[in-house]
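Q: I have just opened this model and would like a guided look at it. Could we go through it together, one place at a time?
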Amino acid sequence: MATVVTAATTLLTFAGLFYYIAALWCARSFVRGRIPSSTFAPPVSILKPVKGLDPGMYEAFASHCRQDYPPEYEILFGVSSLDDPAVPAIERLQSEFPDRNIRLLQTPEQLGPNGKMGNVVQLAPQARYEYLLVNDSDIHVSPRYLARVMSEFATPQKGKPVGLVTAPYRGLSHGTLGSKLEALGISTDFFPGVLTSLKLDGEIRFGLGSTLAVSRPALDAIGGFAHLVHSLADDYELGHRIAQAGFAVALTREVVDTSVPAYTLAGFFSHQLRWARAIRDSRKLGYLGLIFTFGLPWAIFNVIASGFALESIALLSLTCLARVTVALSVGVGILNDRQVLCDLWLLPLRDLFALWTWIWSFAGNTVTWRGETFTLENGKLKPETRETTAE
């Protein structure tokens with residue numbers, strides 16, 4: 001048995017090593033790719049679905065008001081109730097930035113289990129402009145954000161008009177081990193995977209929730225946002241639908257920040273499991289292929305299975321070097337995430353968690369989101385119903 005496990009983990013480790021090398025090649029291609037030089041700056045409506053107020057959220061709101069961009073942009077905040085804790089912060093924003101067009105709108109209808117997209121569906125008809133930009137309430141952006149994102153719409157890609165622009169992001173952790181592991185995974189695992197998909201597919205065919213900037217023609221072509229109110233991975237689904245409608249999806253180089261909650265380890269695992277099952281349900285074959293990307297965990301198991309044989313230790317060292325190189329090249333080099341340098345020692349633990357999450361994601365179809373449990377079927381969220389039987 002030990003021989004079989006050693007042989008299997010050796011093959012999987014070499015597959016993971018090849019993936020790390022491929023990820024580095026894809027990252028290099030992204031860095032050497034074109035940089036839009038267009039001054040295209042159309043009017044744009046920023047849609048901000050909001051529920052509650054977390055630490056640092058006001059500064060995230062304010063960063064959208066400090067844009068080096070023509071004045072023709074507006075920010076629409078949607079809340080389900082005017083009693084929402086975020087309302088005073090939005091009113092403060094209106095007071096401190098009187099030169100910005102900031103509107104607070106009530107979006108009371110519950111249109112589906114995805115409350116964020118239900119909020120967006122109600123905001124969209126109120127938007128004045130032909131370009132809409134949706135991002136999460138905790139996203140913090142630089143003053144050049146709008147200029148860089150909107151410039152991507154100017155140049156067609158592969159002969160297709162750009163219908164959606166999305167942006168890479170890095171996570172800002174908040175002290176706990178779970179928070180650090182989540183932020184580390186975003187910069188050193190998730191985004192390298194995005195770059196690999198971009199290179200291998202020749203284009204990106206999904207969106208990232210950090211930024212979903214869409215043109216009205218592309219949105220009209222897919223029937224608006226309404227189809228997404230039952231989707232868990234609404235960002236993926238929006239980009240996928242727009243790509244299927246014949247538009248290009250562009251990945252800007254402008255990096256934004258997202259706040260990672262102070263997860264406990266249990267909370268971290270629950271969030272990762274929801275994310276994993278969303279990806280599994282969206283890209284079934286690609287998700288199965290992730291077994292070949294866990295090079296470092298397989299190398300660790302290979303050393304144990306071989307009884308700490310010298311050749312296994314050498315393979316682990318080589319794999320560790322490749323894994324760290326990916327983390328530094330993408331996490332620090334592309335995303336400029338300095339937290340990676342401080343938390344690099346957590347990389348083996350984070351990757352072991354990732355492998356376990358991948359395995360456990362096949363054990364069921366339920367996800368927990370905002371305190372509710374749903375069954376995931378073909379990308380759709382269905383609330384769990386408990387049947388009662390009369391005795």
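Q: Leaving aside neighbours within four places in sequence, which residues is Arg103 in contact with?
A: Arg103 is in contact with Glu74, Ile75, Leu76, Phe77, Gln94, Gln126, Ala127 and Arg128, where contact means heavy atoms within 4.5 Å. Please note that this is a predicted model, in which local features need pLDDT of at least 70, side-chain atom pairs count only at pLDDT 80 or more, and totals for chains, interfaces and linings use all residues. Residues are numbered from 1 along each chain as its sequence is written, and side-chain values use heavy atoms, with hydrogens and water left out.

Q: With which side chain does the side chain of Arg103 make a polar contact?
A: The partner is the side chain of Glu74, at 2.8 Å. A polar contact is a pair of N or O atoms within 3.5 Å; within protein, one must be able to donate a hydrogen and the other to accept it, and residues adjacent in sequence count only if both atoms are side-chain atoms.

Q: Where does Arg103 lie, and is Arg103 buried or exposed?
A: Arg103 lies in strand β3, residues 101-106. Helices (H or I, at least four residues) and strands (E, at least two) are DSSP runs, numbered from the N terminus. Arg103 is buried because its relative accessible area is 18%; buried means under 20%, exposed over 50%, and partly exposed in between, with a 1.4 Å probe and protein chains only.

Q: Stepping back, how many helices and strands does the chain have?
A: There are 14 helices and twelve strands.

Q: On to helix α11: which of its residues are buried?
A: In α11, residues 295-305, the buried ones are Gly295, Leu296, Pro297, Trp298, Ala299, Asn302 and Val303. Their cover includes α1 (2-31), α12 (310-334) and α14 (347-360).

Q: What follows α11?
A: Gly307 follows α11, with a positive phi near 70 degrees. Phe308, in the loop between α11 and α12, also has a positive phi, about 60 degrees, although it is not a glycine. Most residues other than glycine have a negative phi.

Q: Is Phe308 buried or exposed?
A: Phe308 is exposed, because its relative accessible area is 57%.

Q: What is the phi of Lys158, and where is Lys158 found?
A: Phi of Lys158 is near 50 degrees, a positive value in a residue other than glycine. Lys158 is found in the loop between α5 (145-151) and β5 (162-166), and at 64% relative accessibility it counts as exposed.

Q: Now the loop between α7 and α8: is Val229 there buried or exposed?
A: Val229 counts as buried, at 5% relative accessibility. Beyond residues up to four places away in sequence, Val229 touches Leu111, Gly112, Pro113, Asn114, Met117, Gly118 and Val121.

Q: What about Ser231: where is it found, and what is it in contact with?
A: Ser231 is found in the loop between α7 (216-221) and α8 (234-244). Neighbours within four places aside, Ser231 is in contact with Asn114, Glu237, Gly379, Lys380 and Leu381. At 2% relative accessibility, Ser231 counts as buried.
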